[in-house]
Amino acid sequence: MSHDCVVCVDFGSTFTKAALVDLGTGDLLATASHPTTLLDEAGHGDVLDGYDACVDALAEQDPRARDADVLACSSAGGGLRIAVVGNEELVTAEAGRRVALSSGGKVVLVLHGGLDAARLGELRSAEPDVVLLVGGTDGGNSEVLEGDAAFLAATPWPGPVVVAGNVDSQETVSALLTAAGTPHVVAANVVPRIGVLAPDGARRAIREIFLSHVIGGKHLSSRTDAAGRTFTEMVRGATPDVVLTGVELLAHGLDEQHPGAGDVVVVDVGGATTDVHSVVELDPETASIDGAGLSREVVGVTPVTRTVEGDLGMRWSAVSTVEAAGLDALRDAAARRHADPDLLPDHCPDPAAEQDADLAIAAGAVRIALERHAGRSKVVVSPEGRVVERSGKDLREVDLLVGSGGVLRHGGPDAVGRVLLPATGDAFEGGWQLPRDPVVVVDHDYVLAAAGLLADDHPVAAHRLLAGLRTAGDR
């Protein structure tokens, strides 16, 4: 077994991507990708088939790849599907939704107001991998949280469940689920008090559930690789959660000898969704604009945030993207992409026109996704005086904007100028809090996922791997 390098693998929903990294220098030694192979209707295929092809390609570039250790993340088979069940819509259910997203999950359902037969039907139809059960601030309302737990126990719900509500109710809730045989993990309350969002405990619990219950339950693999490793033994977390860890390392660094890049935003444009990850130092509560106070949100903003826009994407969501962006001239191009998600501009009769369409659709997806993530800022008059109301996270002072996704990696020299730069600047109509003047780069080699996988056990190598994103801009 080679211990001087490691293979970092992302089992994606469409492509499996792999990178061979030198653990001493953090150098990227080789990269490879291959379509992800999943079980078909005839019972053929294994998620390790695409992985084996990647290892073969890596080994052609560096023979050490065959004997290297493997670290992997996965969004194959639909990724991590999370349903949120909370007290009410505007506080705990919304907090649960934000925490689920930051944990690397796809939020498939948000329920509030107490479970009943109709809501149970919705929950079953959503087919979540994990239920995030939240409700009540610490010492506050316990009735709905405990009632939801009793309802799930009586059903009984097969689980798994993450409980992250009122700390005073957690012992009761855990006892109910234990008696019903429902696997669950108890975490700190995501809303310990109004205006405070505390995601870390629930995020760790969801990661634990993903590794212990979800990965194996998707039945994506029935064999081992050449070294005898199973798919579940390789996987360390859900891909979006691992990428967010890489973004945190990029922003914060390790110490004075290994500094970070400052405030960072990453926009990942995919075929079905556009994800935004941000790590930003928040304004203090006493911040002001033009002498106006800053209004606090009922659910607080966190320094580390992820949002997923399911209607913005390059293929499956192309039609809704051009509609949202008002790109009427691209309706036919979007329809072609929706009908043929495997469409590649180079394989079309007019490659240049299709490449132009891809870049225009991507620009629309990036701009709208950043607007939804950042929200607006405006001054209003309230009984307390002039107050700045914000609907999201202020990205105006971001130092580094990173673009990710195939359309940016393969979009040619115009990709940054046409896709990312239009979402930056000094002023936007409507008060959008978008990056003013960041360094703009593309994650050409997909190092954020690899750095996230390395961060726990090999932090210096992970930091060095990110050096290119910290120091070199595409503009």
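At what angle do the axes of helix α8 and helix α14 cross? In this predicted model, in which residues are numbered from 1 along each chain as its sequence is written, local features need pLDDT of at least 70 and side-chain atom pairs count only at pLDDT 80 or more, while totals for chains, interfaces and linings use all residues. Side-chain values use heavy atoms, with hydrogens and water left out.

The axes of α8 (residues 239-252) and α14 (residues 447-454) cross at roughly 85° and come within 7 Å. Axes are lines fitted to C-alpha atoms, for helices over the stretch in contact, and angles run from 0 to 180 degrees between N-to-C directions. Helices (H or I, at least four residues) and strands (E, at least two) are DSSP runs, numbered from the N terminus. Angles under 35 degrees count as roughly parallel, over 145 as roughly antiparallel, 65 to 115 as roughly perpendicular and the rest as oblique; α8 and α14 are therefore roughly perpendicular to each other. On the α8 side, V242, V243, T245, G246, V247 and L250 take part in the contact (heavy atoms within 4.5 Å), and they meet L448, A449, G452 and L453 of α14. By class, the contact of α8 with α14 has seven nonpolar, three polar and no charged residues. Here Ala, Val, Leu, Ile, Met, Phe, Trp, Tyr, Cys and Pro count as nonpolar, Asp, Glu, Lys and Arg as charged, and the others, Gly among them, as polar.

V243, L448 and A449 also belong to the lining of the largest cavity, together with V266, D268, H277, S404, D443 and Y446. A cavity is a set of points, on a 1 Å grid over the protein atoms alone, where a 1.4 Å probe fits but cannot get out, and lining residues have an atom within 4 Å of a point. Grid points are joined across faces, edges and corners, and a volume is the space filled by probe spheres set on the points. The count comes to one cavity of 30 Å³ or more, and the largest cavity holds about 50 Å³ of space. Strand β13 (264-269) and helix α14 are the elements that give two or more residues to its lining. The lining of the largest cavity divides into five nonpolar, two polar and two charged residues.

Strand β13 is part of an open sheet of five strands with mixed pairing, in the order β16-β14-β13-β19-β20. Two strands pair if DSSP finds at least two bridges between them. The edge strands β16 (304-309) and β20 (439-442) each pair on one side only. Neighbouring strands of this sheet are turned by 15° against each other on average, direction ignored. Strand β14 (residues 274-279) runs antiparallel to β16, and six bridges join the two. H277, named above in the cavity lining, has R306 of β16 as its bridge partner. Helix α11 (residues 351-374) lies across β13, β14 and β16 and runs at about 45° to β14.

A further open sheet has five strands in the order β6-β5-β7-β8-β9, with parallel pairing. Strands β6 (106-112) and β9 (184-186) stand at the edges with a single partner strand each, so one side of each is left without a neighbour in the sheet. Four bridges join β5 (residues 81-86) and β7 (residues 130-133) in the parallel sense, and V84 stands opposite L132 in β7. Helix α4 (residues 143-154) lies across β5 and β7, running at about 150° to β7. Helix α5 (residues 170-179) packs on the sheet and touches β7, β8 (161-163) and β9, its direction making about 170° with that of β9.

Helices α4 and α5 pack at an angle of about 5°, with their axes 9 Å apart, and are therefore roughly parallel to each other. L145, E146, A149, A150, L152 and A153 of α4 make the contact with T172, V173, L176 and L177 of α5. The residues of this contact are eight nonpolar, one polar and one charged.

Most residues other than glycine have a negative phi, and most peptide bonds are trans. The peptide bond from T155 to P156 is cis, with omega near -20°, and a cis bond with omega of about 0° joins G159 and P160. P156 is placed in the loop between α4 and β8, where P160 is also found. E127, in the loop between α3 (117-126) and β7, has a positive phi near 50°.

Conventions. On a 1 Å grid over the protein atoms alone, a cavity is a set of points where a 1.4 Å probe fits but cannot get out, and a pocket is an open set with protein on both sides within 12 Å along at least five of seven lines; lining residues have an atom within 4 Å of a point.
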